[in-house]
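Open the model in your viewer and colour it by secondary structure. This tour goes from the whole chain down to single residues.

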Amino acid sequence: RAIERNLVKKGEATIIYPTVDFSRFENLKPEKSEKSFVYYSRLNPPKRQDVLLEAWKIFVKKHPEFSLKIIGSIDNPAYFEKLKKLVKETKNVEIKTDVSNKELEEIISKSEAGIFLGYEEDFGIVPFEILCAKKPLIAVDKGGYVDLIGKNPNFFKVKEKHNAKEMALEIGKTLEKFVGAKKNN
């Protein structure tokens, strides 16, 4: 993104990957699915939990057997209030804050898939954690993690849209694609 915006010239920048211990996810015991999806990230507008909730309203009407767990720390109190209001307008959604690593690992192990929707995420650690936990990843097709994940068959790409309504539709399409793929396996 820095090269695209002429902030640095090609060859002048080096990517330094963060040191992250993924081993805690590698040893998770995949538990029987609770037919849930999990999205964990800081609760703030660039992570687009609000857009996910708009998509979820439509998805859950067709698939009431699924639930959504949104987990994160409150970065923006006003945005968190908005999310709580949106949760009241739909079904089968739970927002949790102050979740321990152990509880997060348990939630992931029981989920069908992990979701990640960070807007123009330069790197993105969560997508790697989800894949290390041997769970499918439903994530935006733009971001620093995309090149590293490559053509992983467990990566269900959400086509990036810069308009919230269009993005919600793309999220819904990808959730449907995921459910269809699960039924065919």
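**A tour of the chain**

Start with contacts. Among those between residues at least 6 apart in sequence, 66% join residues at least 24 apart. Keep in mind that this is a predicted model.

Now show the whole chain as a cartoon. Seven helices and six strands make it up. Trace the elements from the N terminus: the order is α-β-α-β-α-β-α-β-α-β-α-β-α. The radius of gyration is 16 Å, close to the 16 Å that the globule rule gives for 185 residues, so the chain is as compact as a globular protein of that length. Along the principal axes, its C-alpha atoms fill a box of roughly 50 × 35 × 35 Å.

Switch to a surface view. The accessible surface is about 10700 Å², and carbon and sulfur atoms account for 51% of it. Of the 185 residues, 44% are buried.

Next, select the charged side chains. There are 35 positive and 28 negative charges in the chain. Their mean positions lie 5 Å apart.

Now turn to the backbone. Most residues other than glycine have a negative phi. Two stops follow.

Select Arg 48. Look in the loop between β1 (36–40) and α2 (49–62). Phi of Arg 48 is positive, near 60°. Is Arg 48 buried or exposed? Arg 48 has a relative accessible area of 8%, so it is buried; the cut-off for buried is under 20%.

Move on to Asn 92, in the loop between α3 (77–88) and β3 (93–96). Asn 92 is not a glycine, yet its phi is positive, about 60°. Its relative accessibility is 33%, so Asn 92 counts as partly exposed.

Technical notes:
Residues are numbered from 1 along each chain as its sequence is written. This is a predicted model: local features need pLDDT of at least 70, side-chain atom pairs count only at pLDDT 80 or more; totals for chains, interfaces and linings use all residues. Side-chain values use heavy atoms; hydrogens and water are left out. Helices (H or I, at least four residues) and strands (E, at least two) are DSSP runs, numbered from the N terminus. The radius of gyration is taken over C-alpha atoms; the globule rule is 2.2 Å times the number of residues to the power 0.38. Buried means under 20% relative accessible area, exposed over 50%, partly exposed in between (1.4 Å probe, protein chains only). Contact means heavy atoms within 4.5 Å. Accessible areas come from the Shrake-Rupley method with a 1.4 Å probe; for residues, only the protein chains shown count as cover. Lys and Arg count as positive and Asp and Glu as negative; His and the chain ends are not counted. The place of a charge is taken as NZ of Lys, CZ of Arg, CG of Asp or CD of Glu.
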